Amino acid sequence: MCGIIGYIGTRPATPILIGGLKRLEYRGYDSAGLALLEPKSILTYRSVGKVAHLVEKVRLNLTPERQNELTVGIAHTRWATHGAPTEANAHPHYDKSRRICVVHNGIIENYRTIREKLQAKGHKFDSDTDTEALSRLIGECYRGDLRKAVINALRQIEGAYGIAVLCADEPDKMVVARKGSPLVIGIGEGECLVASDPSALVAHTQRVIYLDDGDVAVITPDLVDIRNLDDEPIERNVSELGLDVGAVEKGGYEHFMLKEIFEQPETVRNALRGRIDLKEGTAILSGMNATPAELAEIARIIVVGCGTSLHAGMVGEFAFEDVAGISTEVQQAAEFRYRNPIVDRNDMVIAISQSGETADTLAAIRKAKEKGTKVFGLVNVVGSAIAREAGRGVFIHAGPEISVASTKAFTGQVAVLLLMALKLGRTRRLSNEDSLKLAQEINRLPELVEYVLKQNDAIAKVAERMAQSDHAFFLGRGPMHPVALEGALKLKEISYVHAEGYHAAEMKHGPIALLTPGVPVVVLANHSPVLDKVWSNAEECKARGARIIAVVTEGEPKTDLADDTIVLPPCSPLVATIPAAVALQLLAYHVARLRGCSIDQPRNLAKSVTVE
Ligand code: M6R
């Protein structure tokens, strides 16, 4: 969940590291730090809070002339796991001799044992972190060869790590390694970089090597030497990123979240591009790499994921059952991995993840594979651990999602789940006519999203009234139930408003006790076979003084129940989940903005959850 950037070359390292940290800040923003190799020692700066604080510290302590001389360094932005977000706990961490320095993303699970052993040998720890146990262990293993020391230390480590290590006695190299936490090497002309994700590399190079679990690489300006933990050479391919800098910048928007919300007509189009067969009424999903026989034998689908990806999976459940007639269940990935799930070879597990790094989702895939089940990934980040572990699946092609609150990934995920359902449905129970109709509707998704985005100003007005309340409810039925959950999640994570998402029928079974006059209740009252029931549930809330914000379908009869209205374009309930989610994203965004919140980097959160 932390961000790592490293540079070795001939250019001044400091601005490159700082620039990289700014790009990686969304991965964690409790504290930041950097280490620069001097001719005979390592210089470090660390500070609490955002990268901006570190920038100021470096500016005050390091003259531009001095910065120009230092061309090797590593840096880190932290999401605290062990120890509070203090300067002492910020990375980099030294070894005992202070000649080795480490930045780390992940968790060293056996750090207490290592710490105790080192303390018994006289080590006095400067921080509460697990990382310091590793940096000191590397120092203990050091006999004049940094790579060997890192390998020896890592062989004693349990847990997850992406690390970059510098040694004052070997200034011509940096050693990096990964297991469970991502690390990608960027290859430039006479320089190399390493980062937790490619967003920190795009400004410098398009040529990258994705490290795999167990890889340890020695990086020099002209060479990348990759070994395994037995110190045997490993070959890894060089890939082209195919990303431009614009994809990781705000592009004139006030926040990444708003930019990403407005990108959705395009990102949904990208998710669908080349994948809809409008003549046959089916989907072409070559990444699934599944034979018709394999698809035909699927008796049950199990979707695993966390957070927003879990909500997308819940929409998928309705699609797979309604469209394809395949029994589907959705499980929180952390639950799936530990509950001894009952799955067999006729099941299909779909793991959904924007980042492709979420520790629980990755572990769920491994569990499913152990059980001999077919596993498919539905991932945004190409080259990510989940994409590679799944081996087959579908990328959503949403581009880098920088805002911690996930938006365009959700709509991309749902769009692809609809395509999967269409493909499976076409070979099962869907009539020719229904297949063609659904294919055409899915194909119209970009314009359906545009329709909602045009109401941005009106939604901002609705948000003005909503922003005054510290509580909110989101209600939906059928496929709109997960959209209600997602709407509540968006609001709570970026505006800190206490928001609850419920099945509309569930309110009267308890939660309605929480309603007081004026509390906003967002009701997903789109065109559907259960619309009358939804209105009855809204009525029950209205009778308790709630303020009803209704998300309705254009052309439906007007009702005087709603205090505010957001309008969706006419479409089927399944397809409407996407424009409805966009409406709720905008609502959450404007509420958070009016409440003066840190929208792209909400408190306590980080973008990729690489810990359990
Ligand atoms: O990268 P993933 O999709 O696996 O991430 C899962 C969740 O951590 C993520 O969706 C999280 O809930 C977001 N903050 C939601 O906006």
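This is a predicted model: local features need pLDDT of at least 70, side-chain atom pairs count only at pLDDT 80 or more; totals for chains, interfaces and linings use all residues.
Helices and strands here are DSSP runs, numbered from the N terminus.

**Nonpolar cores**

- The largest nonpolar core counts 90 residues, and Met420, Ile442, Leu445 and Phe474 have the most contacts inside it.
- Helix H20, spanning residues 573–594, is the top contributor to this core, giving 15 residues.
- Both domain 2 (259–443) and domain 3 (447–599) supply at least three residues each to this core.
- Apart from it sits another core, this one of 32 residues, including Leu21, Ala32, Tyr210 and Val248.
- As general background, nonpolar side chains tend to be buried together in soluble globular proteins.
- Back in the 90-residue core, Phe474 is worth a click: beyond residues up to four places away in sequence, Phe474 touches a list of residues that includes Met466, Leu491, Tyr502, Val522 and Leu584.

**The parallel sheet**

- Five strands make up an open sheet with parallel pairing, and the order is S23-S22-S24-S25-S26.
- At the edges you'll find strand S23 (498–503) and strand S26 (564–568), each of them pairing on one side only.
- On average, neighbouring strands of this sheet are turned by 15 degrees against each other, ignoring direction.
- Strand S24 (residues 520–525) pairs with strand S25 (residues 547–553) through six bridges, in the parallel sense.
- If you want a landmark for that pairing, look at Val521, whose bridge partner in S25 is Ile548.
- Helix H19 (residues 531–542) lies across S24, S25 and strand S22 (471–476), and runs at about 170 degrees to S24.

- Is Asn526 buried or exposed? Asn526 counts as buried because its relative accessibility is 4%, and the cut-off for buried is under 20%.
- Its contacts, setting aside neighbours within four places in sequence, are Met480, Leu531, Val551, Val552, Thr553, Leu568, Pro573 and Ala576.

**The antiparallel sheet**

- Six strands form an open sheet in the order S5-S6-S7-S8-S12-S13, with antiparallel pairing.
- Strand S5 (93–94) and S13 stand at the edges with a single partner strand each, so one side of each has no neighbour in the sheet.
- Strand S12 (residues 215–219) is mostly covered, with five of its five residues buried.
- From S12, Asp215, Ala217 and Ile219 point one way, while Val216 and Val218 point the other way; all are buried.
- On one pairing, strand S8 (residues 174–179) and S12 run antiparallel and are joined by five bridges, with Arg178 standing opposite Asp215 in S12.
- S12 also pairs antiparallel with strand S13 (residues 224–227), over four bridges, and these two strands form a hairpin with four residues between them.
- Helix H5 (residues 130–141) lies across S5, strand S6 (100–108) and strand S7 (159–167), at about 135 degrees to S6.

**Helix H14**

- Helix H14 (residues 408–426) has 19 residues and reaches 27 Å from its first C-alpha to its last, close to the 27 Å expected at 1.5 Å a residue.
- Of those 19 residues, 17 are buried, so H14 is largely enclosed by the rest of the structure.

Methods. Residues are numbered from 1 along each chain as its sequence is written. Side-chain values use heavy atoms; hydrogens and water are left out. A nonpolar core is a set of buried Ala, Val, Leu, Ile, Met, Phe, Trp, Tyr and Cys residues joined through side-chain atoms within 4.5 Å. Buried means under 20% relative accessible area, exposed over 50%, partly exposed in between (1.4 Å probe, protein chains only). Domain bounds come from an automatic or database domain assignment. Contact means heavy atoms within 4.5 Å. Two strands pair if DSSP finds at least two bridges between them. Axes are lines fitted to C-alpha atoms, for helices over the stretch in contact, and angles run from 0 to 180 degrees between N-to-C directions. The expected span of a helix is 1.5 Å times one less than its number of residues.
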